[in-house]
Amino acid sequence: MSRSLPVRALDTAMDRTLVLGYTRIGLGVRRSLPGWPDDPRPGALTGRHCLVTGASSGLGIATAEGLAALGAQVHLVVRDEEKGARVRDEIVARQPTADLRVWRCDVGDLVDVRRFAAEVAAELPAVHAVVHNAGVMPPTRSDSAQGHELSMAVHVLGPVVMTEELLPVLGGGRVVLVSSGGMYSQRLEADDPEFRRGDYSPTAAYARSKRMQVEMLPLLADRWSLDSITTSAMHPGWADTPGVQESLPRFRSLTRPLLRDNEEGADTSVWLVGAEPAPASGRFWHDRRARPVHLLPTTRASEPDRARAWAWLKESAGLDETPA
């Protein structure tokens, strides 16, 4: 359904004012407006395998539950298998027909990512979707097992390597990178992607890694289009996730009545996986609409910056010139 000019103007105004667009107010208003995209049809994912990383808390649980409700066999990809098993049991208690399986993987450890992806590719005939939801915000600068800054390893390198390794079973499927509206505050740091210079800030490092996701999105979408994969990034708005509760307590105390619950935050991820036809590839989404990747002119990246960032990503993730 097309949207009228006043509806588009209202949607854009909410998006730019943040408080209206990113809170539960924005989602509630948008759902009531003409042109809100249809929900995926019931059973849309029946018989399909979907992977969700970081599936043992917050948005990951809500995403897994939403995909299971559409009939998918959902694979909960977690670091702590015991916690993952508890989450699986909790979801099944609420949704007895849910088909869930727990897998262990540390997304920040590229060796473990390759081990996990090889096991999945050997066992599953096909994967319909991977939702890269795992997230971290370490209070001090931390390195991954391979010596990469941890936020960048978990949010960028791990998802890229996992997707590459899953290409044999992911053809024609969908990849969703769960980003953050916080990336709007940062520019692409092509000359220092791993925050080795200056005073480290957890929130800045987190937002920089999310900016990297979004800047690399068109290049990744083009690369994976050779396998007919739809690649998207989205941000959930301001959701009351464990990460917000632990890392941004002051922000949470000021905004708590307005924060989205996890189901509201995961809505667009579930929609991107289940909608038919597939949403356009290479776009950045929020509340089921493609959004701009820059709100401030100071965050716009030059083509040389993108080229340097892409070169760093290819080297750090060990990417061949063309996908395997």
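**Questions about a predicted model**

Visitor: Why is Gly-135 called exposed?

Guide: Gly-135 has a relative accessible area of 51%. The label needs a value over 50%, so Gly-135 counts as exposed. The model is predicted, and the area is computed from it. Gly-135 sits in the loop between strand E4 (129-132) and H7.

Visitor: Which residues does Gly-135 contact, leaving aside its neighbours within four places in sequence?

Guide: Those residues are Val-154 and His-155. As for Arg-250, it is 115 residues from Gly-135 in sequence, and their C-alpha atoms are 20 Å apart in space.

Visitor: What makes Ser-180 buried?

Guide: The relative accessible area of Ser-180 is 14%. Ser-180 belongs to the loop between strand E5 (174-178) and H8. Not counting residues up to four places away in sequence, Ser-180 touches Tyr-206, Lys-210, Met-234 and His-235.

Visitor: How do you know that the side chain of Ser-180 has a polar contact with the backbone nitrogen of Gly-182?

Guide: A polar atom of the Ser-180 side chain lies 2.9 Å from that nitrogen. The limit for a polar contact is 3.5 Å, and 2.9 Å is within it.

Visitor: Why is Asp-80 called partly exposed?

Guide: Asp-80 has a relative accessible area of 40%. Buried would need under 20% and exposed over 50%, so Asp-80 falls in between. Asp-80 is in the loop between strand E2 (73-78) and helix H5 (81-94). The side chain of Asp-80 reaches the backbone nitrogen of Glu-82 at 3.0 Å. Between Asp-80 and Ser-56 there are 8.2 Å in space, C-alpha to C-alpha, and they are 24 residues apart in sequence.

Visitor: How do you know that the length of helix H4 agrees with its number of residues?

Guide: H4 covers residues 58-69, which is 12 residues. At 1.5 Å a residue, H4 should span 16 Å. The C-alpha atoms at its ends are 17 Å apart, which agrees.

Visitor: Which other residues have a positive phi although they are not glycine?

Guide: Ser-228, with phi near 55°, is one of them. Arg-288, at about 65°, is another. Such values are worth a remark because most residues other than glycine have a negative phi.

Visitor: Are Ser-228 and Arg-288 buried or exposed?

Guide: Ser-228 has a relative accessible area of 52%, so it is exposed. Arg-288 has 4%, so it is buried. Ser-228 is in the loop between H8 and strand E6 (230-234). Arg-288 is in the loop between E7 and strand E8 (289-290).

Visitor: What is the peptide bond from Glu-276 to Pro-277, cis or trans?

Guide: That bond is cis, with omega near -5°. Pro-277 lies in the loop between helix H11 (262-274) and strand E7 (283-286).

Visitor: What makes H8 roughly perpendicular to H12?

Guide: H8 and H12 pack at an angle of about 75°, and their axes are 10 Å apart. Angles from 65 to 115 degrees count as roughly perpendicular, so the term applies to H8 and H12. Where the helices meet, H8 contributes residues including Met-216 and Leu-220, and H12 contributes residues including Trp-310 and Leu-313.

Visitor: Which residues touch the most other members of the largest nonpolar core?

Guide: Leu-166 and Leu-313 do, in a core of 41 residues. Helices H6 (110-123), H7 (150-170), H8 (202-224) and H12 (303-317) are the elements that give two or more residues to this core. H7 supplies the largest share, 11 residues. Another core, of 31 residues, lies apart from it and includes Cys-50, Leu-59, Ile-61 and Val-87.

Visitor: What does Leu-313 contact, leaving aside its neighbours within four places in sequence?

Guide: Leu-313 is in contact with Val-156, Leu-157, Val-160, Met-216, Leu-220, Gly-318 and Leu-319.

Definitions and conventions:
Residues numbered from 1 in each chain as written. Predicted model: local features only at pLDDT ≥ 70, side-chain atom pairs only at ≥ 80, totals over all residues. Heavy atoms only, no water. Core = buried A, V, L, I, M, F, W, Y, C linked by side-chain atoms within 4.5 Å. Buried < 20%, exposed > 50% of the residue type's maximum accessible area, 1.4 Å probe, protein only. Helix = DSSP H or I, 4+ residues; strand = E, 2+ residues; numbered from the N terminus. Contact = heavy atoms within 4.5 Å. Polar contact = N/O pair within 3.5 Å; in protein donor to acceptor, adjacent residues only side chain to side chain. Expected span 1.5 Å × (residues − 1). Axes fitted to C-alpha atoms, helices over the stretch in contact; angles between N-to-C directions. Parallel < 35°, antiparallel > 145°, perpendicular 65-115°, else oblique.
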